[in-house]
Every structure is written in structure tokens, then in C-alpha cells.
Amino acid sequence: METTHEVRGIVLASVSATFWGVSGAIAQTLFDTTDINSIWLTGIRMLGAGVGLLLISLVTKVDLWSIWHHPADLAQVAGYTLLGLMPVQFTYFLAVEASNAATATILQFMGPVFIAIWLVVAHQQWPTRSEGIAIILAVAGSFLLVTHGNPATLVISVWALIWGLLSGVTSATNTLMPTKLLTKYSTMTVNTWSMLLGGILFNIVQPFWSIQLPLTVGNISKLAFVVLFGTLLAFLFFLESLKYIRPTVVSLLDAFEPLSATVIAVVLLGVNFEWLDIFGSLLIISTVFILAIGQRHNERAAEDFHEPH
């Protein structure tokens with residue numbers, strides 16, 4: 001039975017990460033073939049996912065309302081939305097729009113490295129050996145990805161580099177900011193209200209009716225995939241996987257996100273990835289495995305410490 005649960009968790013986490021990666025590649029095709037932009041697509045994505053999460057929470061009777069009795073907690077949700085969830089969604093699509101889904105997804109994967117750097121700067125918490133190795137590999141991988149080893153040239157645009165790195169930074173803030181809230185409320189509660197608020201704010205800036213997306217079967221299908229599969233179901237599958245496997249295992253399976261985005265970008269969208277791009281990408285993706293192994297080692301050490309001798 002335990003093995004069955006583990007397999008279920010692995011499948012859910014893998015599918016979740018794959019959905020996220022594929023949705024980035026699909027977003028690239030929408031940017032390339034229509035007049036939509038990152039603000040419009042992010043607003044549609046967050047609002048659609050927020051409404052979906054709200055409906056699912058009401059049907060499954062998740063407690064969404066107790067947080068409304070605590071204004072300070074609602075203020076934290078607003079702060080998380082403005083500085084965490086909205087920026088990570090927006091900068092990722094900006095990076096896709098400026099380059100391609102593969103490059104954007106890989107650069108966003110540097111989020112854990114930025115977390116380690118933040119802990120050093122803000123809390124003087126120096127990285128462990130595994131974190132130090134991960135930082136070195138991530139920097140080296142990014143260098144190869146954006147310069148092909150020649151520091152005098154950029155093989156992607158300056159804006160692609162800026163938005164890609166900011167996507168990694170905002171991925172870190174998106175991870176760090178809600179930690180206090182999540183000790184009091186479920187992930188579903190926090191993200192439902194945050195998705196709704198973010199979607200509403202983006203639509204105030206640029207209403208979804210301000211850009212006329214050609215209503216072809218292809219465009220509607222692509223948009224539906226980004227909202228339903230690449231956001232709503234990916235999030236729900238991710239949450240469900242945590243019931244069956246450790247977070248460290250889930251983080252390892254996150255590698256399916258850049259892998260799926262890269263495969264689709266290269267095979268179906270014609271993105272040219274040279275061997276230095278592939279090598280640099282592998283260095284960045286490997287940081288997730290190194291950090292997860294280091295975290296697992298720390299968990300085992302803690303378990304051994306607490307066992308009676």
C-alpha cells in the first residue's frame with residue numbers, strides 16, 4: 001500500500017511539473033501568433049485559476065472564510081500577492097515573450113539559489129556544502145546559457161536575461177513570503193484569494209476584453225490549457241502529491257518542468273538549442289537534485305538525532 005501511495009505521489013508531482021512546463025511553451029506560441037501580451041495572459045491565467053480554485057474549495061468545503069476575520073492576515077495575503085505571486089507569474093511570461101519557454105523556465109529554476117543567497121544576506125546563514133555547490137553550478141550554467149562561454153557577447157536579448165533572472169528572484173520571494181501564513185491557513189485558502197486578487201488587479205490594468213484574441217479552436221484550446229492544466233490542475237496535483245511523498249522528492253520531480261518546456265520548444269517550436277545551451281541548462285537543473293539530496297541528508301541526521309539510543 002505504501003508503495004502504491006508513493007507511485008501515486010510521484011505521478012502527480014511529475015504530471016504537475018510537466019503541465020507547468022508545457023503551458024510555458026504554449027504561451028510562447030500565443031505570443032508569437034496573436035496580439036496578446038504578458039499582462040493580458042497573466043491576468044487571464046490568475047483570474048481563471050482563482051475562480052476555479054474558489055469553486056473547488058466551495059464544493060470540497062475548504063475553509064476559505066476564517067481568514068476574513070483577521071485583517072492583519074488579509075494584509076499579508078495582499079502583500080504576498082503583490083510581491084510574490086503576481087511578479088512570479090508576470091516575469092515568467094515576460095521572459096517567455098522576450099526569449100522562449102525553455103530559456104525562461106530554466107532561468108526561473110534558479111529560484112532556490114536566490115533563496116540561499118537571501119539567507120546569507122538577510123540572516124547571515126551561510127550555505128551548506130550542497131547549497132554552495134548548487135550556487136556555483138547555477139551561476140556557471142546561467143553563464144553558459146546566456147553567453148555560450150564568451151563574456152563579451154549575449155546569445156539572448158538583454159531583456160530576456162533581465163526578465164529571466166527576475167523570474168528566478170520572484171520565484172524565491174513567492175516561496176519565502178507565504179511561509180508564516182501557511183502555518184495558520186491551508187495552501188488552498190491562501191492561493192485561492194491570492195490568485196483572485198492578482199487576477200482582478202491585472203485585469204484592472206489591462207481588462208481581458210481590451211485585446212481581441214481570435215476565437216479559433218487552436219487559440220481557445222491553448223488558452224484553456226494554460227489556465228486549466230498549466231495553472232489550476234498543476235497546482236491541485238502538486239498539493240495532492242504532498243500527501244504521498246516528501247517535499248524533497250517533489251522538488252526533484254520539478255525537473256520535469258524545464259525538461260518538458262525544452263523538449264517542446266526544440267522539437268515542436270523550432271527553438272535552436274546548441275550543446276552549450278544544453279550543458280548550461282543541465283548545470284542549472286542539477287542544482288535541484290543537489291539541494292534535495294542535501295535536504296534529505298539533513299532530515300536523516302535530524303531523525304537519527306531524535307531516535308533513542
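Let's start with helix H6, residues 129-147: its 19 residues reach 27 Å from first C-alpha to last, close to the 27 Å expected at 1.5 Å a residue. (Helices are DSSP runs of H or I with at least four residues, numbered from the N terminus; the expected span is 1.5 Å times one less than the number of residues.) Keep in mind that this is a predicted model, where local features need pLDDT of at least 70, side-chain atom pairs count only at pLDDT 80 or more, and totals for chains, interfaces and linings use all residues. Residues are numbered from 1 along each chain as its sequence is written, and side-chain values use heavy atoms, with hydrogens and water left out.

**Around H6**
- Buried residues in H6 include Ala-134, Ile-135, Ala-138 and Leu-145; buried means under 20% relative accessible area, exposed over 50%, and partly exposed in between (1.4 Å probe, protein chains only).

**Aromatic rings**
- The whole structure holds 12 aromatic pairs, meaning rings of Phe, Tyr and Trp (its six-membered ring) with centres within 6.5 Å; planes under 30 degrees apart are stacked, over 60 edge-to-face, and the rest tilted.
- Tyr-92 and Phe-93 make a tilted pair, because their ring centres are 5.7 Å apart and their planes sit at 40°.
- Both Tyr-92 and Phe-93 are buried.
- Phe-208 and Trp-209 pair edge-to-face, since their centres are 5.1 Å apart and their planes at 80°.
- Phe-208 is partly exposed at 41% relative accessibility, while Trp-209 is exposed at 58%.
- One aromatic cluster is formed by Phe-19, Phe-225, Phe-229 and Phe-237.

Key:
Helices (H or I, at least four residues) and strands (E, at least two) are DSSP runs, numbered from the N terminus.
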